Amino acid sequence: MRFKAVILLFLIFCSAPRSYAEARPFFGPDNSVSVTDRNFLPLRNILSGKDGVMLPVSLEEVSPWLILSVLAAEDKRFFEHGGVDLKASARALWQNINAGKVVSGASTITQQLANAINPKERTFKGKLKEVYAAAALERELSKEEILEAYFNTVNFGGNIYGVKAAALVYFDTDASSLSISQAAFLAGLIKSPTQYNPLKNLKAGVKRRDEVLRRMLENGFINKELYALALEEDIKISPQNKKFTAPHYGLFVAGKAPAGAALIQSTIDGKIQSYIEEILPGYVEALKKNNVTNAAAVVLDNKTGEVLALAGSADYFDERSSGQVNGALSLRQPGSALKPFVYGTAFEEGFLPSDKVEDEDKFFKGSFRPKNYDEEYHGAPSMRRALACSYNIPAVQVAGELGAYKVLETLKKAGFSSLEKNADFYGLGLALGNGEVTLLELANAYRALANGGVWRPMVYALNPQVKQAGRAQRFFSEETAFMLTDILSDNNARAAAFGLNSPLNMPFDFASKTGTSKDYKDNWAVGYSRRFTVAVWVGNFDASPMRRISGITGAAPILRDIAVFLDGNYSSEKFETDSSFDMPASLAHADICPVSGKLASKNCAGSVREVFPADKLPKEHCALPLKEHQEDAGAVLGAAEGIIFPADGDVFVSSPSLAAEAQQIKFKASEEGFWFIDGQNLPCPRSRECFWPIKSGKHRLKFEGRKTYQVSFEVLN
């Protein structure tokens, strides 16, 4: 039987094609797709047929120690055989025939390369095909060419292919600079990248390295002195971040490339991308105690639709938090981030930002009973304040008057193709974001608001053939889009809920909105200037809930940092328009009474600047007596008992881009009184509101009015 096995191998080898070209049907396409940023700086290479990272390397760029390590570990007779190690294969074939299945491999480097190019099934027939293909490779390529191809395709765990990528990922060094110990470690990974994964089982990987070093010594590749030194060297795996720029985007855009594309010049701006990849891990680490493990962010160019940055997770290489999941494409509930499209639909139907909307305890269709985030009721706020403060009940009230079907129709026109169910499925909960959308969809929908209510497809690459399908379509009038922009950039309007110095208060014109899904599983912040749209998601890919983290405390600080970075590094001279929002000529401003909605008069406690269609400007002045203004003031501000803001257990995050003294929290109470923080009296005597410069740590806030109230909150760095 042993003699027959050897004869069989010999016949297979002799029947191999005469040239590599004849064998190509077994191998399939051997090209990889190179992805660069917009300035042709390399981002990553995608192997054909693989969802992986590969950085090309020539044999001259590979450390000699790695070559010797791989030969010792995988194929010590590589330079002696013609693609198949007959001695080892005969032994393996005999074992496989007796077992009736593949129980032993003994694959040479050439066989492994053939299988990497075109994977074979783990059967006897598959093994014969592998041998056949290996013979073809040996006939067509030199040993050096085979080694070079092998070092570019061999898997080193997860989606890491090739020695250059492996050296960079695991040791933060070049393939040419690997030490003997590092080289032996990588060579040991080839046998079982999962079993010896240094991120999960470093001890097993080191043990395998020691075995490879022993084989190198036995084969005369190193002497006893080098062997001893290599054994003593500690294996230090480098932190798994900043190894590749835009790793999620590279895979994403490569998947949209036409067949045969060899180079994709993506739209990614390396400077913006690197900044986002730099700050996300820090924010996630700061929020870890609140059970936050991940974040994602997207930046779009409003004019062109180009995706300038996309970070799908805080750390692509963190397997514990599923870092390779692309959070920009994952379906999640957006919470209040969809409310602008509800109010925009109402404005299209003739409603105005100054119109009042009910905010009281109420059951809607299907026994739906929404609650506001602050668990209070605010009487009859204007649509401006209801949207700016993100009150839930008014949003559902507006959606109920419009009909869920009409809201869904708007959302689909705004590019939310992920909302595939019918209106009855979502119901009025659609106004609170109970449908699942992607961060990329959300970003482009807000970009459409920045562009006057016209949705256009995004552009993923500067290669003309790599574009998102879809035609431009208007879903809001220019007037509606501006009214929404005016509300979302109105810091005074949202102050009642978020304070005057929330992360959304930018030093430039910026329209923004936050969202928090049910049970704190997702929180979002999205906004736009004239030039850019930024969208941020914070949460967990396993859908576990966060602890007391909302969009304003979780995602909004990240949004702010990115927006400030963009404003500071991309001057307006590069664009045709400045950074301010232009109001259409068909609209006009008027100062109105926040209680009556009419033109403000001397009896009004204050006034708000509101936007109206020019032909619907209010003509009458407020005639309410001063007393009624005072009685309604509590409803306007939100008349909860005691401390209105912050709520007990709230968590705030300071922005590293601003000096601490420039960041403040606005405390609010339902009556006048005295404020104390951590036992110290605050300089706000007999007041309803008090501004406090933030300080990291846990704090106890006390308010003394007719009664004494206390809440605890925390500020994270």
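Mentor: Before we start, a residue counts as buried under 20% relative accessible area, exposed over 50% and partly exposed in between, with a 1.4 Å probe and protein chains only. This is a predicted model: local features need pLDDT of at least 70, side-chain atom pairs count only at pLDDT 80 or more, and totals for chains, interfaces and linings use all residues. Residues are numbered from 1 along each chain as its sequence is written, and side-chain values use heavy atoms, with hydrogens and water left out.

Trainee: Thanks! Is Cys 622 buried or exposed, and at what relative accessibility?

Mentor: Compare the value with the cut-off for buried, under 20%. Cys 622 counts as buried because its relative accessibility is 6%.

Trainee: What is the mean pLDDT of the protein chain?

Mentor: pLDDT is the predictor's confidence in each residue, from 0 to 100. In this chain, 84% of the residues reach 70 or more. The mean over the chain is 83.

Trainee: How many helices and strands does the chain have?

Mentor: Both are DSSP runs numbered from the N terminus: helices are H or I over at least four residues, strands are E over at least two. Buried residues make up 56% of the 717 residues. The chain has 23 helices and 21 strands.

Trainee: Among contacts with a separation of 6 or more, what share comes from residues 24 or more positions apart?

Mentor: A contact means heavy atoms within 4.5 Å. Of the contacts with a separation of 6 or more, the share from residues 24 or more positions apart is 67%.

Trainee: How many of the 10 residues of helix H14 are buried?

Mentor: Among the buried ones are Phe 341, Tyr 343 and Phe 347. The buried residues pack against several elements, including H15, H19 and strand S10 (511–516). H14 (residues 339–348) is largely enclosed by the rest of the structure, because its buried residues number 9.

Trainee: Which residue makes a polar contact of 2.7 Å with the side chain of Arg 384?

Mentor: Arg 384 lies in helix H15 (residues 383–388) and counts as buried at 4% relative accessibility. A polar contact is a pair of N or O atoms within 3.5 Å; within protein, one must be able to donate a hydrogen and the other to accept it, and residues adjacent in sequence count only if both atoms are side-chain atoms. Among the residues Arg 384 touches beyond four places in sequence are Asp 490, Glu 610 and Val 611. The side-chain partner at 2.7 Å is Asp 486.

Trainee: Which residue does the side chain of Glu 714 meet in a polar contact of 3.1 Å?

Mentor: Glu 714 lies in strand S21 (residues 708–716) and is buried, with a relative accessible area of 11%. Residues it touches include Asp 650, Phe 652 and Lys 698. The polar contact joins the side chain of Glu 714 to that of Lys 289.

Trainee: What is the S-S torsion of the disulfide between Cys 684 and Cys 690?

Mentor: A disulfide is a pair of cysteine sulfur atoms within 2.5 Å, and the whole structure has 1. The sulfur atoms of Cys 684 and Cys 690 are 2.0 Å apart, and both residues are buried. The disulfide is right-handed because the torsion is about 60°.
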